[in-house]
Every structure is written in structure tokens, then in C-alpha cells.
Amino acid sequence: MRLPTAPDGSRGCSALARYTGEQIAGTAGRTGGWLLVEHNGPWRHPALASPGLDRGAAAELARRVAERDVKPQLIKRPGRVRADGGGPLRAYLAHTGRDGSWVRRVDFHDLAELLEYDVTAAQHPEPPDFGVPVDHTVYLVCTHAKKDPCCAVLGRPVAAALAGGEAEVWETTHVGGDRFAANLVALPQGVYFGRLDPASAVRAVAAFERGEVDPDHYRGRCTDSSAAQAAEAALRARLGTVGLDEVVHLDETDTGTGVRVTLGHGGGVYTVSVATVEGRACPTTCSAVEPTRPVHHEVTDISREPAAAHAR
């Protein structure tokens, strides 16, 4: 594969995106439910077509989540090759949402065992009555080489750096936004971080464990539209606020020429105007045959109004 090359000679779609300073705010793909299945690999794309999985069970799982708001992912422990007979494997169902987020763990030995559970439950805010509740954040680092070399080259060192800490960290298949590698997702909050290296990843996770968002690497929350993600990131930058839930989404309206997002913070209500624009032509992945113009969400105005105007 001939990797995209930036003018400074750095190679890979992520290097080119860094060189051009492509905006990362507003780039988290929207997803409500997640199905995480432990599988050491090899990984292919799509994930549930990977070799080593029970083909029948994997096909049935894929069928059940198709057309549902459930994102299937394969996961493995950072840098470790699991030997056969090493005990049960893990699967997680997670629901991301500003209200009603949750994670449940199910242990299994054979993939077909997961067919006993309603994996579509992940799309609902009410947790199912099966599985073990998980009361801490689960972190996913994309290291999916077969999807994009940048994810593996940049993601594996990040996963290795985080593996030595107290947080629960897994390597995972494609999460979206290859050119923003290394990418990290925090569940069940649904927060995406991008352009991480080992040092910044350790800082981002440490801050998140304190309930804070690292603004320099914040892509957005998969609970929200791209416009709302961009609006939140811009307001955070304006106010200098880092608390995970300090910015509250109140309303979102299509204006015909863009989107008007209403956000609450402290005692104030803010209206953020967001325009949809085409970015400069670029390869969005290392394997892209032709450059495309990715859609960006550009904040054009932030204004404050009395909180009483939107009291509920």
C-alpha cells in the first residue's frame, strides 16, 4: 500500500491530517449501543467476519445487530496473546447516552453462548437483567491494522502505555476516524479522543478518571450529532471548562443554512451557530483511492442569553 504523504515527508493519513490541522471536534460517529467481544485475532473488516470466530455464531450476531443502533467490536488485552484454556472470554454490552448509560459484562467460552442473550438490548437506556454490572469506565484503543495502518502504528503504543495503569483498557477494531489516530473511546460515556500519543493518552485517561475532558484531544460524544459535538467543544474552549457533564445540551434546530445548538453551563444558556462546510480534499484513510472533501462543522457564533429563556 502506498501511504499518503504530507509535505513534510511524514506518511499516513493521520500524518497528513495532523499536518493540515484538520479539525477533530465533531468527528465522533453517532452510536447508542455497543457489543464488545473478546477475540485475540487476527482481525478483519468487518470485525465479525474475522477468522477464528465461529462462523455461524458470528454471522448470527452480525444479523441481529444489522440495522440496529448497536456497534459490534472485537477487543483484546493490550499487547498480549491469549493462550488456549486461559479461562472464560469477556463480552460487554454498553449503552451510551447522556441519560441512562450502562455497561454489562458477560463471560463466555464459546461464541455461540452469546446467542442466548438479547444483544440488541445495548440500544436501550434500560439495562437488561442479564450480565454483571460494570461500574467503571471501559477504554477502547483502536489498533485495527487491517482497516488502516495508522490505527495500528499509533494505537498500539497508546494501548501499551495505558495497560500499566488502573483503568480497564482494551485494544479494539475500527471505531471510526482513521486519520485521527490514535483514537480512544470511553464507555459508557461515549467520549472520543483522537491524535493521542502514549504521554497524552495517559494524561487524557487520568483526567477522565477525575471527571474531566482533555480539550486538546476531544473529538466529541457519540451520543450527540456532529454539529452538537462541535458546538460543545467550541463552548468548552470559550469558557475553559473541562468537567465531563458541565455542558448540558438543551436544544438543536436546523436553520436551513446550518444548525443552532442551545447549551447550558452554570447559570447561563448559550446559543451556538454551526455551519456545515466542506474541508480541503484529502485521503480520509490510508487506503483511499481518491481524495475526498470531508464535511466539517464550523462554529460561526456563540452568544449568551438568560437561563430563564430556556428554563424547563
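**Figure 1. Lys76 and the residues that surround it.** In this predicted model, Lys76 touches His39, Asn40, Trp43, Trp170 and Glu171, leaving aside its neighbours within four places in sequence. Lys76 belongs to strand S2, which runs over residues 70-76. Is this lysine buried or exposed? With a relative accessibility of 19%, Lys76 counts as buried, because the cut-off for that class is under 20%. If you look for the charged end of Lys76, you will find it over the ring of Trp43, 4.9 Å from the ring centre. For a sense of scale, the C-alpha atoms of Lys76 and Pro46 are separated by 16 Å, and these two residues are 30 apart along the chain.

**Figure 2. Trp170, with a charge over its ring and an aromatic partner.** Here the charged end of Arg77 sits over the ring of Trp170, 3.9 Å from its centre. Trp170 is also among the contacts of Lys76 shown in the previous view. A search of the whole structure gives 6 aromatic pairs. One of them joins Tyr92 to Trp170 in an edge-to-face arrangement, with 6.1 Å centre to centre and 70° between the planes. Which parts of the chain does the pair tie together? Tyr92 lies in strand S3 (residues 89-95) and Trp170 in strand S7 (residues 168-172), so the pair links parts that are 78 residues apart in sequence. Both partners are hidden: Tyr92 counts as buried at 1% relative accessibility, and Trp170 counts as buried at 0%.

Figure 3. Phe193 and Phe208 form an edge-to-face pair, 6.0 Å centre to centre and with 85° between the planes. Phe193 comes from strand S9 and Phe208 from helix H4, so this pair ties together parts 15 residues apart in sequence. At 1% relative accessibility Phe193 counts as buried, and Phe208 counts as buried at 5%. Which residues do ring pairs link into a cluster? The members are Tyr139, Phe193, Phe208 and Tyr218.

**Figure 4. Helix H4 and its buried side.** H4 covers residues 198-209, 12 residues in total. From its first C-alpha to its last it reaches 17 Å, close to the 16 Å expected at 1.5 Å a residue. The buried residues of this helix are Ser200, Ala201, Ala204, Val205, Ala207 and Phe208. Why do these residues sit on the same side of H4? They cover an arc of only 160° around the axis, which puts them on the same side of the helix. Just after the helix, Gly211 takes a positive phi of about 85°.

**Figure 5. Two cis peptide bonds.** As background, most residues other than glycine have a negative phi, and most peptide bonds are trans. The bond from His45 to Pro46 is cis, with omega near 5°. Pro46 sits in the loop between strand S1 (33-38) and helix H2 (55-65). The bond from Leu187 to Pro188 is cis too, with omega near 15°. Where is Pro188? Look for Pro188 in the loop between S8 and S9.

Figure 6. Glu67 has a positive phi of about 65° although it is not a glycine. The residue is found in the loop between H2 and S2, and Glu67 is exposed, with a relative accessible area of 84%. Arg195 has a phi near 55°, again a positive value in a residue other than glycine. The place of Arg195 is the loop between S9 and H4. Arg195 is buried, with a relative accessible area of 16%.

**Figure 7. The close-ups in the setting of the chain.** The protein chain has 5 helices and 14 strands. Its radius of gyration is 20 Å, close to the 20 Å that the globule rule gives for 312 residues, so the chain is as compact as a globular protein of that length. Along its principal axes the C-alpha trace spans about 60 × 50 × 35 Å. Buried residues make up 52% of the 312 residues. Among contacts between residues at least 6 apart in sequence, 66% join residues at least 24 apart.

Conventions
Residues are numbered from 1 along each chain as its sequence is written. This is a predicted model: local features need pLDDT of at least 70, side-chain atom pairs count only at pLDDT 80 or more; totals for chains, interfaces and linings use all residues. Side-chain values use heavy atoms; hydrogens and water are left out. Helices (H or I, at least four residues) and strands (E, at least two) are DSSP runs, numbered from the N terminus. The expected span of a helix is 1.5 Å times one less than its number of residues. Buried means under 20% relative accessible area, exposed over 50%, partly exposed in between (1.4 Å probe, protein chains only). The arc is that of the directions from the helix axis to the C-beta atoms. Contact means heavy atoms within 4.5 Å. Rings of Phe, Tyr and Trp (its six-membered ring) pair if their centres lie within 6.5 Å; planes under 30 degrees apart count as stacked, over 60 as edge-to-face and the rest as tilted. A charge sits over a ring if NZ of Lys or CZ of Arg is within 6 Å of the ring centre and within 35 degrees of the ring normal. The radius of gyration is taken over C-alpha atoms; the globule rule is 2.2 Å times the number of residues to the power 0.38.
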